[in-house]
Amino acid sequence: MTVPEITPEEQAELDKALLAALNPLASAIRSRATGLPEHRMWDGDPAEVALSVLATWKVVDAQVKSLTARAAGTAGSYGASYEQMGAAWGITRQGARKKWPEAVVRTPAATPITLELFGGAAELTRDQASGDWTWTGRGADGTHGAAGDGARCPTREEAAAYAGAFLQEHAVATP
């Protein structure tokens with residue numbers, strides 16, 4: 001997998017969306033720091049205003065890193081290797097392992113694997129006798145689910161895909 005390129009038009013739209021998302025957060029952070037109402041965020045010393053925006057980008061950067069680590073962990077839970085993650089991120093296998101050390105967890109076959117997605121969680125388990133995988137879970141909306149009628153999956157990845165689809169279907173919509 002190669003690192004995706006985006007077009008100049010996509011870059012312009014991304015910049016626009018990020019700035020639109022940043023402004024309310026920057027206003028709120030600056031308001032708390034200065035005691036000024038949010039609608040007066042741009043009042044004051046230009047350097048101080050610019051530093052407030054910079055501090056807000058730091059908050060966004062930390063959140064992006066957290067979401068990136070979550071995505072790497074999800075990829076690892078579906079069986080992706082550090083080599084694959086590194087290729088997707090444009091770094092080496094070793095770089096991916098250093099960046100997301102917990103993303104690929106080698107567990108003994110008998111150890112259940114927990115998959116957390118969309119506000120819910122599912123547990124993947126392997127039957128020692130057959131080697132097949134199954135899952136049980138609870139969606140964010142409180143709905144319980146499991147592999148139907150004793151259905152078993154030949155691979156962990158297949159069980160994770162079914163469990164992930166269930167969790168997505170039972171996510172709680174945000175307003």
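Predicted model: local features only at pLDDT ≥ 70, side-chain atom pairs only at ≥ 80, totals over all residues.
View 1. The ring centres of tryptophan 135 and phenylalanine 166 lie 5.3 Å apart with their planes at 40 degrees, so the pair is described as tilted. This pair links distant parts of the chain, because tryptophan 135 sits in strand β3 (residues 133-138) whereas phenylalanine 166, 31 residues apart from it, belongs to helix α5 (residues 156-169).

**View 2. The aromatic pair of tryptophan 89 and tryptophan 100.** A search of the whole structure finds two aromatic pairs, and the one shown here is edge-to-face, with 5.5 Å from centre to centre and 80 degrees between the planes of tryptophan 89 and tryptophan 100. Tryptophan 89 lies in helix α3 (residues 82-89), while tryptophan 100 is found in the loop between α4 (93-99) and β1 (113-117). Tryptophan 89 is partly exposed, at 42% relative accessible area, but tryptophan 100 is buried, at 8%.

**View 3. The largest nonpolar core.** This core has 14 residues, and those touching the most other members are Leu115, Leu124, Trp133, Trp135, Ala159, Ala163 and Leu167. At least two residues come from each of β1, β2 (120-126), β3 and α5, and α5 gives the largest share, five residues. Leaving aside residues up to four places away in sequence, leucine 115 touches several residues, including Tyr78, Ala122, Ala163 and Leu167.

Definitions and conventions:
Residues numbered from 1 in each chain as written. Heavy atoms only, no water. Phe/Tyr/Trp six-rings, centres within 6.5 Å; stacked < 30°, edge-to-face > 60°. Helix = DSSP H or I, 4+ residues; strand = E, 2+ residues; numbered from the N terminus. Buried < 20%, exposed > 50% of the residue type's maximum accessible area, 1.4 Å probe, protein only. Core = buried A, V, L, I, M, F, W, Y, C linked by side-chain atoms within 4.5 Å. Contact = heavy atoms within 4.5 Å.
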